[in-house]
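Subject: Handing over a structure

Hi,

Here is the structure I promised to pass on.

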Amino acid sequence: MGERITNFILIIRRLPIFRIFQRTLGMLMPIAIIGSYFKLLRDAVFSPDSFIYNILNFDSTMPDKIWYAGSFICNGFVRVTFGLFGLYAAYFAARYTARLYHKDSTLAGMTAVMIIMFCAYASNVGNKLSNKSMFSSSVLQINALLLALLVGYAVGEIFHWLGKNHQPVEFEHVHRVRTRAWNALLPASVSIIAGMILGIIIYELQIKILSSSTFKELVIQIQNSNNIFEIIALAFVVMLLSWIGIGYPLTSLSTAAALTSGTATVNLDYALKHGGSWNVPYKFLGSSLVYPYGAMGGASVVLALIVIILLSRQNKETENIAKANLLPAAFNSTWGFMIGMPIILNPVLFLPMVLIPVINIMIASLAIFLHIITPCVYPVLKGTPGILISFFGSNGNWSNLVFSICLFILDILMLIPISLLGQRIERKLKAYEYEKGQQTA
């Protein structure tokens, strides 16, 4: 059975689209890690409602000039990394697709950039409430990564079928450069026409593709639901979307504001009047289950996987990735590891990514039902480490903290066999890539 699963995942991973996506995400890893650190600083240090800011009392101890400078720098780098991540993803996805078929990868990448920028322009012009600048479009943000990857891959495939073969050389004379440009004119033109059609569809229908408003109803439904079965089903959908590169729902749920929505306010009011949250009206509220336990601020599976990698010390490359992302992941800034590992669109990590948060929610619900822990009804500071969210969300209930630690250990135990499977598949993939490379040579 285990060998069948391994072979099935190997077949998927060997598909051109998955090979290209993995290479693209690997190339974008440094950008994602840099963005994760600046996001950590922005959310946990340079925000008045953040965890470290309030713990260290920066309101009194940090000079205003340093705070404004830090806030300016962090916001700027988050925007140029995560805010324009789709731009980089589209370029490299098209580049690696064209290179796989020995086509002109540079011009394919630039064509993909033009198309994704036109889609961003169409998205913002169609949305009358948004900033008109295409650079602020949700289409370009890291939460809409799937669209950028698909645009890049589609452009690369057009170059595959319509472009002429191209062999890179160390030095190119201007005559050869002109020849390259003419050879790329047909696939680039067809790609731009296809991108134009996509942009027109976005503009005419005013489709807010992969934006936070698209998933607003889903997030509100989870936050305000007191039906455990509905919460589990919707949480599964949210984690599935996150795995394929659509992070808006999880980002919206994994914020301090998640505990102050609608019915959560009723719970908070009850807890303040009665001095505790044991008997609040909505014990199984989605915002009190998904954020503190299911996602642990968005870092449950990511942080558990990092711990496994650091403890096993089996692969130096993945160990370095885990070390680089340990600090931001501990404070719920997980994109660096999700891109660098990668977790996104990784068939090996599909089941743990979508099922472990659901299992956490089910266990937490049972613990609340048995009065082992109290419902989390108090707002928590932005950037609070995932394991501590339930502790602060229950106004310092120690049983909640112990429970979260035990839940995290359980997540690690559930991930160990998946991690071993992933290592075995990676070894076979490397052997396959080496053999294919030797045959090509």
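Some ground rules before the details. This is a predicted model, so to speak of local features I needed pLDDT of at least 70, side-chain atom pairs count only at pLDDT 80 or more, and totals for chains, interfaces and linings use all residues. Residues are numbered from 1 along each chain as its sequence is written, and side-chain values use heavy atoms, with hydrogens and water left out.

**What the record says**

An unreviewed UniProt entry lists "transmembrane region" for residues 66-94, 106-124, 144-163, 184-207, 227-246, 290-312, 350-370 and 401-421. Those positions are in the numbering used here, feature names are shortened, and annotations may be inferred rather than shown by experiment. How much helix does the chain have over residues 106-124? It is 100% helix and 0% strand there, with the end C-alpha atoms 27 Å apart. Over residues 290-312 the figures are 78% helix and 0% strand, and the end C-alpha atoms are 29 Å apart. Helices (H or I, at least four residues) and strands (E, at least two) are DSSP runs, numbered from the N terminus.

**Helix H17**

H17 covers residues 316-330, 15 residues in total, and reaches 21 Å from its first C-alpha to its last, close to the 21 Å expected at 1.5 Å a residue. (The expected span is 1.5 Å times one less than the number of residues.) Where does H17 bend? At Ala 324, by about 35 degrees, and a proline, Pro 328, follows within four residues. The bend is the angle between axes fitted to the seven residues ending at a residue and the seven starting there.

After H17 comes Asn 332, with a positive phi near 70 degrees. The buried residues of H17 are Glu 319, Ile 321, Ala 322, Asn 325, Pro 328 and Ala 329. Buried means under 20% relative accessible area, exposed over 50%, and partly exposed in between (1.4 Å probe, protein chains only). These buried residues pack against helices H3 (29-44), H16 (300-312) and H18 (335-340); contact here means heavy atoms within 4.5 Å.

**Helix H12**

H12 has 16 residues (228-243), which should span 22 Å at 1.5 Å a residue; the end C-alpha atoms are 22 Å apart, so that agrees. Asn 227 caps its N-terminal end, with a side-chain oxygen 3.0 Å from the backbone nitrogen of Phe 229. Gly 245 follows H12 and has a positive phi, near 100 degrees. Among the buried residues of H12 are Ile 231, Leu 234, Val 238 and Trp 243. The buried residues of H12 pack against H11 (216-224), H13 (248-253), H15 (286-294), H18 and H19.

**Loops worth a look**

Is Asp 104 buried or exposed? It is buried, because its relative accessible area is 6%. You'll find Asp 104 in the loop between H7 (85-100) and H8 (105-126). Its side chain makes a 2.7 Å polar contact with that of Arg 180, and a polar atom of the Asp 104 side chain lies 3.4 Å from the backbone nitrogen of Thr 106. (A polar contact is a pair of N or O atoms within 3.5 Å; within protein, one must be able to donate a hydrogen and the other to accept it, and residues adjacent in sequence count only if both atoms are side-chain atoms.)

The loop between H18 and H19 (350-369) holds Pro 342, which is joined to Met 341 by a cis peptide bond with omega about -15 degrees. Leu 345 is in the loop between H18 and H19 too. Leu 345 has a positive phi, near 60 degrees, though it isn't a glycine, and counts as buried at 7% relative accessibility.

**Aromatic rings**

How many aromatic pairs are there? Twelve. Rings of Phe, Tyr and Trp (its six-membered ring) pair if their centres lie within 6.5 Å; planes under 30 degrees apart count as stacked, over 60 as edge-to-face and the rest as tilted. Tyr 53 and Phe 58 have ring centres 6.2 Å apart and planes at 80 degrees, so they are edge-to-face. Both Tyr 53 and Phe 58 are buried.

How values were computed
Expected span 1.5 Å × (residues − 1).
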